[in-house]
Amino acid sequence: MAILALGLLIFLGLHSTRIFVDSGRAKAIARLGEGPWKAVYSLFSIIGFFLIVRGFAEARRNVVELWTPPVWTRHITILLMLFSAILMGAYIFKKSHFAVAAHHPMVWSVAIWAAGHLLSNGSSADLALFGAFLVWAVADLRSSYARDRRNAMTYPAPNWGATIGAVLLGVVMWIALLGGLHLRLFGESPMAM
């Protein structure tokens with residue numbers, strides 16, 4: 001569990017700079033330059049992500065089951081993952097109705113992903129991983145909406161072509177995960193009951 005905790009600390013810590021130290025982030029970018037900042041940020045994000053994946057895999061071997069979710073929660077999670085995937089698609093299609101309405105579709109996608117997985121998984125490793133991402137997503141959304149209000153952020157008018165693109169991309173990702181990608185990547189099929 002220590003490797004998972006370290007990975008979460010690095011990955012979510014980096015992704016929390018705009019939440020807790022936005023001015024410090026801006027100063028670091030000004031001092032280092034945008035390119036080097038992105039390179040360092042990306043390198044440490046990859047390291048954190050690798051540690052999360054490795055740590056979660058190890059933590060799952062020695063898990064403590066905190067609760068046993070009913071089987072029907074898996075069905076809800078599968079449905080929530082469709083919405084999460086569409087919102088992830090909306091991050092790419094920034095003029096989609098979803099992106100324009102949510103303003104921060106990737107963070108909403110992460111929040112739904114984490115909440116759905118918490119709903120249908122009950123081990124200590126699941127609580128650590130999905131709970132941490134859910135707390136981060138809620139904090140990030142709160143911070144991002146406050147920043148949007150401060151900066152009087154305006155968003156583009158929605159575009160139906162972008163909305164269709166977001167839905168299609170989301171559905172393709174969702175089908176791929178259900179069709180075996182989740183099993184190949186994470187060793188567990190969401191369809192297994």
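**Reading a predicted helical model**

Visitor: Is Ser143 buried or exposed?

Guide: The idea is to look at the relative accessible area, where a residue under 20% counts as buried. Ser143 comes out at 16%, so it is buried.

Visitor: Which residues is Ser143 in contact with, leaving aside its neighbours within four places in sequence?

Guide: They are Arg18 and Ile19. You can find both of them in the structure above by their numbers.

Visitor: Let me try another serine. Where is Ser123 found?

Guide: Ser123 sits in the loop that runs between helix 7 and helix 8. Its relative accessible area is 3%, so this serine is buried as well.

Visitor: Which side chain is joined to that of Ser123 by a polar contact?

Guide: That of Asp126, and the contact is 2.8 Å. Once the neighbours within four places in sequence are set aside, Ser123 is also in contact with Val63, Val64, Glu65 and Leu66.

Visitor: Now the helices. How do I check the span of helix 7?

Guide: Take 1.5 Å for each residue, counting one less than the number of residues. Helix 7 has 16 residues and should therefore span 22 Å; the C-alpha atoms at its ends are 23 Å apart, which agrees. Helix 5, residues 72-92, can be treated in the same way: its 21 residues have an expected length of 30 Å, and the helix reaches 31 Å from the first C-alpha to the last.

Visitor: Which residues of helix 5 are buried?

Guide: Among them are Thr73, Ile78, Met81, Leu82, Ile86 and Leu87. The buried residues of helix 5 pack against helix 6 (97-102), helix 7 (105-120) and helix 9 (160-186).

Visitor: And what do the buried residues of helix 7 pack against?

Guide: Their partners are helix 5, helix 6, helix 8 (124-150) and helix 9. The buried residues of helix 7 include Val107, Val110, Ile112, His117 and Leu118.

Visitor: Let us turn to charges. What can side chains of opposite charge do?

Guide: They can pair when their charged atoms come close. Here the count comes to four salt bridges.

Visitor: Which residue forms a salt bridge with Glu34?

Guide: Lys38 does, with 3.1 Å between the closest N and O atoms. Glu34 is partly exposed at a relative accessible area of 48%, and Lys38 is partly exposed at 47%.

Visitor: Which side chain meets that of Glu58 in a salt bridge?

Guide: It is the side chain of Arg54, at 3.4 Å from N to O. Glu58 and Arg54 are again four residues apart in helix 4, which means about one helical turn lies between them. Glu58 has a relative accessible area of 26% and is partly exposed; Arg54 is partly exposed too, at 40%.

Visitor: What about Arg60: which residue does it form a salt bridge with?

Guide: With Glu188, where the closest N and O atoms are 2.7 Å apart. This pair links distant parts of the chain, since Arg60 is in helix 4 and Glu188 is in the segment after helix 9, 128 residues apart. Arg60 is partly exposed at 33% relative accessibility, and Glu188 is partly exposed at 28%. Arg74 joins in as well: Arg60, Arg74 and Glu188 are linked in a network of salt bridges.

Visitor: Which residues make the nonpolar surface patch?

Guide: Val40, Leu43, Phe44 and Ile47 make it, and the patch is about 330 Å². Pick out Ile47, which lies in helix 4, residues 34-61. Ile47 has a relative accessible area of 35%, so it is partly exposed.

Visitor: One last exercise. How far apart are the C-alpha atoms of Gly24 and Arg54?

Guide: They are separated by 30 Å, and the two residues are 30 places apart along the chain. Gly24 belongs to helix 3, residues 22-32, and is partly exposed, with a relative accessible area of 36%.

Note on methods:
Residues numbered from 1 in each chain as written. Predicted model: local features only at pLDDT ≥ 70, side-chain atom pairs only at ≥ 80, totals over all residues. Heavy atoms only, no water. Helix = DSSP H or I, 4+ residues; strand = E, 2+ residues; numbered from the N terminus. Buried < 20%, exposed > 50% of the residue type's maximum accessible area, 1.4 Å probe, protein only. Contact = heavy atoms within 4.5 Å. Polar contact = N/O pair within 3.5 Å; in protein donor to acceptor, adjacent residues only side chain to side chain. Patch = residues over 30% accessible without salt bridge, like charges linked within 9 Å, V, L, I, M, F, W, Y side chains within 5 Å. Areas by Shrake-Rupley, 256 points an atom, 1.4 Å probe, with all protein chains shown as cover.
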